[in-house]
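Subject: Structure handover

Hello,

Here is the structure for you to take over. My notes follow below it.

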Amino acid sequence: NIELAPLPGEDGTPVFFVEKMEPLRVAESRPNVQGLVGRAPAFRQMLELVARVAPSRAAVLLLGESGTGKELAAHALHDASPRAGKSLVAVDCSSLPEALFESELFGHERGAFTGAAGQRGGLVEAASGGTLFLDEVGDIPLPMQAKLLRFVEERVFNRVGGRSDIQVDLRLIAATNKNLTDEVRAGRFREDLYYRLQVLEIKLPSLVDRMEDLPAL
């Protein structure tokens with residue numbers, strides 16, 4: 001990360017620049033259990049984009065085939081962001097049953113449904129101040145997409161069975177191995193939700209595009 005600060009001369013025009021250089025905590029060239037590994041041009045280009053995007057507050061959509069490291073990229077974005085000191089909460093959208101999706105994400109109030117013996121906060125509240133990572137967001141059923149849309153737009157939600165609005169401050173990162181443009185055309189994904197998730201987009205290269213990284217991996 002390079003920052004240039006101009007030093008003006010007597011006439012007010014810059015005559016020198018002070019250059020401040022800081023290493024970005026994004027990835028290492030050596031294998032690391034927690035980090036991204038690679039040196040291929042396509043991989044390095046993706047890392048450069050991660051470094052530029054990480055400080056932003058905007059939502060990020062990670063696109064890539066299964067196994068390309070979308071969750072590792074989400075962790076890299078979080079670790080290089082101002083929210084690194086807070087939690088990153090990952091939600092595997094493909095494994096959540098539709099009946100439990102809203103309760104797991106937003107929590108519930110006592111008596112909201114059979115078995116709800118007390119109030120329970122959801123994953124959104126657990127991510128407050130940090131980052132919420134929605135993995136395989138393309139698998140969310142249409143009825144749940146409508147309920148997710150309001151939260152993505154306003155960062156406001158209601159617990160299941162609750163009436164009070166709850167507002168949270170968090171960074172939203174979503175990932176999918178599907179072509180969401182095709183999903184929108186087919187009517188399986190809401191167009192308005194897609195554009196709110198895709199404020200910033202990062203495509204992760206497949207292994208075919210970075211064969212020279214196989215020994216390190």
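Among contacts in the chain between residues at least 6 apart in sequence, what percentage join residues at least 24 apart? The figure is 66%. Bear in mind that this is a predicted model.

Overall picture first. The chain has 217 residues, and 39% of them count as buried. Seven helices and nine strands make up its list of elements. The accessible surface is about 12100 Å². Carbon and sulfur atoms hold 50% of that surface.

Five strands form an open sheet with parallel pairing, in the order 4-5-8-3-9. Strand 4 (88-92) and strand 9 (200-203) are the edges; each has a single partner strand, so one side of each lacks a neighbour in the sheet. On average, neighbouring strands are turned by 20° against each other, direction ignored. Inside the order, strand 5 (residues 131-135) pairs with strand 8 (residues 171-176) in the parallel sense, over four bridges. Leu134 faces Ala174 of strand 8 there.

Next, the cores. The largest nonpolar core has 32 residues. Those with the most contacts inside it include Leu132, Leu134, Phe151 and Leu197. Elements giving two or more residues to this core include strand 3 (60-63), helix 3 (98-106) and helix 7 (191-197). Helix 5 gives the largest share, five residues. A second core is separate and has 20 residues, among them Leu36, Val53, Phe133 and Ile202. As background, nonpolar side chains tend to be buried together in soluble globular proteins.

Two residues deserve a look.

Is Val137 buried or exposed? Its relative accessibility is 0%, so Val137 counts as buried. Beyond its neighbours within four places in sequence, Val137 is in contact with Leu61, Cys93, Ala174, Ala175, Thr176, Phe189 and Leu197. Val137 and Ile173 are 36 residues apart along the chain, and their C-alpha atoms are separated by 9.8 Å.

Over to you.

Best regards

Definitions and conventions
Residues are numbered from 1 along each chain as its sequence is written. This is a predicted model: local features need pLDDT of at least 70, side-chain atom pairs count only at pLDDT 80 or more; totals for chains, interfaces and linings use all residues. Side-chain values use heavy atoms; hydrogens and water are left out. Two strands pair if DSSP finds at least two bridges between them. Axes are lines fitted to C-alpha atoms, for helices over the stretch in contact, and angles run from 0 to 180 degrees between N-to-C directions. Buried means under 20% relative accessible area, exposed over 50%, partly exposed in between (1.4 Å probe, protein chains only). Contact means heavy atoms within 4.5 Å. Accessible areas come from the Shrake-Rupley method with a 1.4 Å probe; for residues, only the protein chains shown count as cover. A nonpolar core is a set of buried Ala, Val, Leu, Ile, Met, Phe, Trp, Tyr and Cys residues joined through side-chain atoms within 4.5 Å.
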